[in-house]
Amino acid sequence: MKKITFLLIIQFMLLSGVKAQDVEKNFVPYYMKDGEVALFERKGAKIEAKAIGFGYGGVNQYLTIFNSKYSSVRFQSNAVPKFVMSLDEGIDPFDIIIISKADVVKKRKKYRRFIQKGNSMGGGSKDISQHLIIPELKKINKNLYEVMMPSLAPGEYAFQPIYKGTEANNIMGTSGEVRIYCFGIDE
């Protein structure tokens, strides 16, 4: 028991030692791996709209990653590492960081699809909150935050694009794709 407690204390000390200079870019999420910051899988996603139930269920807007069903960055559900992100000064982080869980897609499909928003048949907004995760944030340094995740079910996840700050100009790639950062949770 003493050994486990000692190892936990050492791990906490190593993980809490993240500095703003370790994080290369603002508005880009990182995770901690062996005491160093590491990048999530960075993918270009196409924006697409899909009618649900021949339009009677409204229309959902998705960020779709074709030819890639699973993220290359994987975590165990009981061992999700610490996530960190640096933000510009004066930005409200609660408006920016949203994580989306991929829709369940038929096994024969070869893509991941993350819902961004939905409209009902009458044009009003649909409640898509069951697909979105809004994490808690804890300030570590001047502009560095820890992204504290709730318990995540197995599946594919992506950070929604951030359209504010210094990285907003670089969110769209030259091919018309939106850059998102992905990870997967295994059981």
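Which residues does Phe40 touch, not counting residues up to four places away in sequence? In this predicted model, Phe40 touches Pro29, Tyr30, Tyr31, Val73, Phe75, Phe83, Phe159, Tyr181, Cys182 and Phe183.

Several of these names return when we turn to the nonpolar cores. The largest core has 29 residues, and Phe40, Phe75, Phe83, Phe159 and Phe183 have the most contacts inside it. Two or more residues of this core come from each of β1 (30-33), β6 (83-86), β11 (144-148), β12 (155-159) and β13. There is also a second, separate core of nine residues, among them Ile65, Ala102, Val178 and Cys182.

I now move to the strands. An open sheet is formed by five strands in the order β2-β1-β6-β11-β10, with antiparallel pairing. β2 (36-39) and β10 (136-139) stand at the edges with a single partner strand each, so one side of each has no neighbour in the sheet. From one strand to the next, the twist averages 40 degrees. Within this arrangement, β1 and β2 run antiparallel and are joined by four bridges; Tyr31 stands opposite Ala38 in β2.

Finally, please consider strand β3, residues 41-51. Which strands does β3 pair with? One is β13 (residues 178-186), which runs antiparallel to β3 and is joined to it by five bridges. Here the bridge partner of Gly44 is Arg179 in β13. Another is β4 (residues 59-66), paired with β3 in the antiparallel sense over six bridges. In that pairing, Glu48 has Tyr62 of β4 as its bridge partner.

Note on methods:
Residues are numbered from 1 along each chain as its sequence is written. This is a predicted model: local features need pLDDT of at least 70, side-chain atom pairs count only at pLDDT 80 or more; totals for chains, interfaces and linings use all residues. Side-chain values use heavy atoms; hydrogens and water are left out. Two strands pair if DSSP finds at least two bridges between them. A nonpolar core is a set of buried Ala, Val, Leu, Ile, Met, Phe, Trp, Tyr and Cys residues joined through side-chain atoms within 4.5 Å. Buried means under 20% relative accessible area, exposed over 50%, partly exposed in between (1.4 Å probe, protein chains only). Contact means heavy atoms within 4.5 Å. Axes are lines fitted to C-alpha atoms, for helices over the stretch in contact, and angles run from 0 to 180 degrees between N-to-C directions.
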